[in-house]
Every structure is written in C-alpha cells, then in structure tokens.
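Here is a short briefing for a first look. Start with the sequence and the structure below, then read on by topic.

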Amino acid sequence: MTVENDIGLLERTLTALGRPAWDVTPEDIDRVVGDLALAGRAASTRREYVQIFKGFHRFLQVRKAVEIEAGFGVRLICPVDEFNASRHVGDDSPPQLPPPTPERVAEFFGFLKARIATARKDAPAARDYAMFRTLYHAGLRSEDTSCS
C-alpha cells in the first residue's frame, strides 16, 4: 500500500468516524465497522480501516499527546482493542456451505490419485495430489493457502 493510498484510507476512516481522532470511542469504531459490514465490505477492508486508524492514533500518542492534552484537555487512549476490533472485523461469518464430509474428502483424494495414472504428464498431477494432501494434513484454511 502506498502513502497516497494510506492517506486516502485514513481520510475515509476519519470521515466515517465523524469526529477528531482523540474523541473517537470504542462505540464509534464498532459503528463504522458495523456500517462497513452492512454495506457488504470484505473483512479485509474492515481490518484496513481499523488498522489505519490504530496506526494514526498510535502516531498521535507518541508524537502529539502532550499538545493534544494541552489544547483539548484529552488524554489519548486508543479506542481500538482486541475486543472491538476482532468482534466485527474478522472472517467469522458462518460459511455458506458446510465443510465437506469425510466421504467427500476421500472421494476428492481418490479422484486426484486416479488422475496421476491417466494424466498425459504424471508429474503435475502427482504434484497436485501431494500439495493438496499436505495442505489437508497441515490443517490450513483456504485463505491461508491462497495467494492474494
């Protein structure tokens, strides 16, 4: 992400919060993240909003806390914590499809294994089988294994 993108995202976040960063409450963070979720924004987008605000607030705490307290009478305490961030920002929505049954998983691996014997080039088919088997036994989630 570039500085220009960061500034744009920070401006959108502060606009959505509707108040100076030193006046933002945990309820404001919840409201903005909830509004983003209702608007259908991805969990990664919601996390970006929270993270950009958290980073900016940290900057204010480190570099401007004395000036803000003197000028506005406010002691800076970050409203983003592990509770209000993770409650609405995670990918914890229920999946649309149930996980595959053990029989379906066995069928999938049987298909991949049989493909090795019938493939024009068996090395790529064997590689695919080994890769999927490794991922399955490692217990990784699909988002952990994808390149995005």
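**Surface and overall build**

The accessible surface of the chain is about 10,600 Å², and carbon and sulfur atoms hold 57% of that surface. This is a predicted model. The chain has 148 residues, and 26% of them are buried.

**Fold**

- The chain contains 7 helices and 0 strands.
- Along the sequence, the pattern reads α-α-α-α-α-α-α.
- Among contacts with a separation of 6 or more, 57% join residues 24 or more positions apart.

**Nonpolar core**

- The largest nonpolar core has 17 residues.
- Leu17, Val24, Ile29, Val50, Phe53, Leu60 and Val80 have the most contacts inside this core.
- Helix H1 (3-17), helix H2 (26-38) and helix H3 (43-72) each give two or more residues to the core.
- H3 gives the most, with 6 residues.
- Leaving out residues up to four places away in sequence, Leu17 touches Val24, Asp28, Ile29, Arg31, Val32 and Phe53.

**Cavity**

- How many cavities of 30 Å³ or more does the structure hold? It holds 1.
- The largest cavity has about 50 Å³ of space.
- Its lining is formed by Thr13, Leu17, Ile29, Val32, Val33, Tyr49, Val50 and Phe53.
- H1, H2 and H3 each give two or more residues to this lining.
- By type, the lining has 7 nonpolar residues, 1 polar residue and no charged residues.

**Where core and cavity meet**

- Leu17, Ile29, Val50 and Phe53 are among the residues with the most contacts inside the largest core, and these four residues also line the largest cavity.

Key
Residues are numbered from 1 along each chain as its sequence is written. This is a predicted model: local features need pLDDT of at least 70, side-chain atom pairs count only at pLDDT 80 or more; totals for chains, interfaces and linings use all residues. Side-chain values use heavy atoms; hydrogens and water are left out. A nonpolar core is a set of buried Ala, Val, Leu, Ile, Met, Phe, Trp, Tyr and Cys residues joined through side-chain atoms within 4.5 Å. Buried means under 20% relative accessible area, exposed over 50%, partly exposed in between (1.4 Å probe, protein chains only). Helices (H or I, at least four residues) and strands (E, at least two) are DSSP runs, numbered from the N terminus. Contact means heavy atoms within 4.5 Å. On a 1 Å grid over the protein atoms alone, a cavity is a set of points where a 1.4 Å probe fits but cannot get out, and a pocket is an open set with protein on both sides within 12 Å along at least five of seven lines; lining residues have an atom within 4 Å of a point. Grid points are joined across faces, edges and corners, and a volume is the space filled by probe spheres set on the points. Ala, Val, Leu, Ile, Met, Phe, Trp, Tyr, Cys and Pro count as nonpolar, Asp, Glu, Lys and Arg as charged, and the others, Gly among them, as polar. Accessible areas come from the Shrake-Rupley method with a 1.4 Å probe; for residues, only the protein chains shown count as cover.
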